[in-house]
Amino acid sequence: MMMALDKHIEKVLFSDEVIAERVGQLGSEITSDFSGDSESPVFVGVATGACLFLADLVRRIDLPIAIDYIRAESYGSGTVSNGLPRISFDLKLDITNKHVVLVEDIVDTGNTLSCLIEHLKLKKASSVSVCTLLDKPSRRKVHFKLVGNGKFYSGFECPDEFVVGYGMDFAEQYRNLSYIGVLKPEYYM
C-alpha cells in the first residue's frame with residue numbers, strides 16, 4: 001500500500017519484512033539471556049522514536065516483563081543532536097535492583113544513551129542493557145558504559161544517512177511508515 005509520504009523517501013533501507021525478522025531474532029536472544037533470572041526485566045522505551053520497535057519487540061519476549069517509558073530530549077526540532085540531553089519524562093516504575101533493558105530506535109553519537117544509562121544507574125538498576133534497532137557507530141562521540149552484566153543488542157548497523165520510519169521522525173512526521181527509509185534532503189534541508 002502506497003502512502004502519501006512514500007514519495008519523500010529516497011530509498012528503503014530496511015523493509016517491514018526484514019525488520020520483523022530481525023525483531024524476532026532480538027526477542028529470542030533477549031528471552032534466552034534473561035530466562036534464568038528470577039527477576040523479571042523492565043523494558044524501558046525511549047519515547048517517542050522507539051514506540052513501534054518496543055511494541056513489536058516485547059511481543060517477541062517470552063518472559064514476564066514490565067514496561068515503562070522515559071524521554072530524553074536532545075534534538076529539539078532539528079536534524080542534528082545538540083549534544084545536551086535532558087530527561088523530560090521520567091519512569092513511573094521503581095527499578096531499584098531490577099534488570100533494565102533500555103529500548104532505543106537509534107544510537108547515534110551516544111550522548112543521549114550515555115545520559116539515560118547514568119540516570120538509570122542513579123535509580124539503582126542492578127543492570128542496564130541496551131536494545132537498539134539501529135546503530136550508527138560512524139557517528140559515535142561518547143563511549144557509553146553498560147551497568148552490571150548489561151548487554152548491547154543491535155538490530156542493524158545504519159549508514160550515516162538521515163533515516164525515518166518505523167517510529168523515527170523528522171519534525172514529528174514519518175513515524176507511521178512501516179519501513180525505515182532515507183529521507184530525501186529537500187524535505188529536511
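## Packing of α1 against α2

In this predicted model, helix α1 (residues 16-34) and helix α2 (residues 51-58) pack at an angle of about 60°, with their axes 9 Å apart, and the two helices are therefore oblique to each other. Angles under 35 degrees count as roughly parallel, over 145 as roughly antiparallel, 65 to 115 as roughly perpendicular and the rest as oblique; axes are lines fitted to C-alpha atoms, for helices over the stretch in contact, and angles run from 0 to 180 degrees between N-to-C directions. Helices (H or I, at least four residues) and strands (E, at least two) are DSSP runs, numbered from the N terminus.

The contact (heavy atoms within 4.5 Å) is made by Val23, Leu26, Gly27 and Ile30 of α1 and by Phe53, Asp56 and Leu57 of α2.

## The six-stranded sheet

Six strands form an open sheet with mixed pairing, in the order β4-β3-β2-β5-β6-β7, where two strands pair if DSSP finds at least two bridges between them. Because β4 and β7 (152-157) stand at the edges, each with a single partner strand, one side of each is left without a neighbour in the sheet. The twist averages 25° from one strand to the next.

Strand β2 (residues 42-47) runs parallel to strand β3 (residues 66-73), joined by six bridges, and Gly45 stands opposite Tyr69 in β3. Four bridges join β2 to strand β5 (residues 99-107), again in the parallel sense, and Leu102 in β5 is the bridge partner of Val44. By contrast, β3 and strand β4 (residues 86-89) run antiparallel over three bridges, with Arg71 opposite Phe89 in β4.

## Helices on the sheet

Helix α1 packs on the sheet, touching β2, β5, β6 (127-135) and β7, and its direction makes about 165° with that of β7. Helix α3 (residues 111-122) lies across β2, β3, β4, β5 and β6, running at about 165° to β5.

## The three-stranded sheet

Three strands form an open antiparallel sheet in the order β1-β9-β8; β1 (9-14) and β8 (163-164) stand at its edges, each with a single partner strand, so one side of each is left without a neighbour in the sheet. Four bridges pair β1 with strand β9 (residues 180-183) in the antiparallel sense, and Phe14 stands opposite Ile180 in β9.

## Basis of the values

Residues are numbered from 1 along each chain as its sequence is written, and side-chain values use heavy atoms, with hydrogens and water left out. As this is a predicted model, local features need pLDDT of at least 70 and side-chain atom pairs count only at pLDDT 80 or more, whereas totals for chains, interfaces and linings use all residues.
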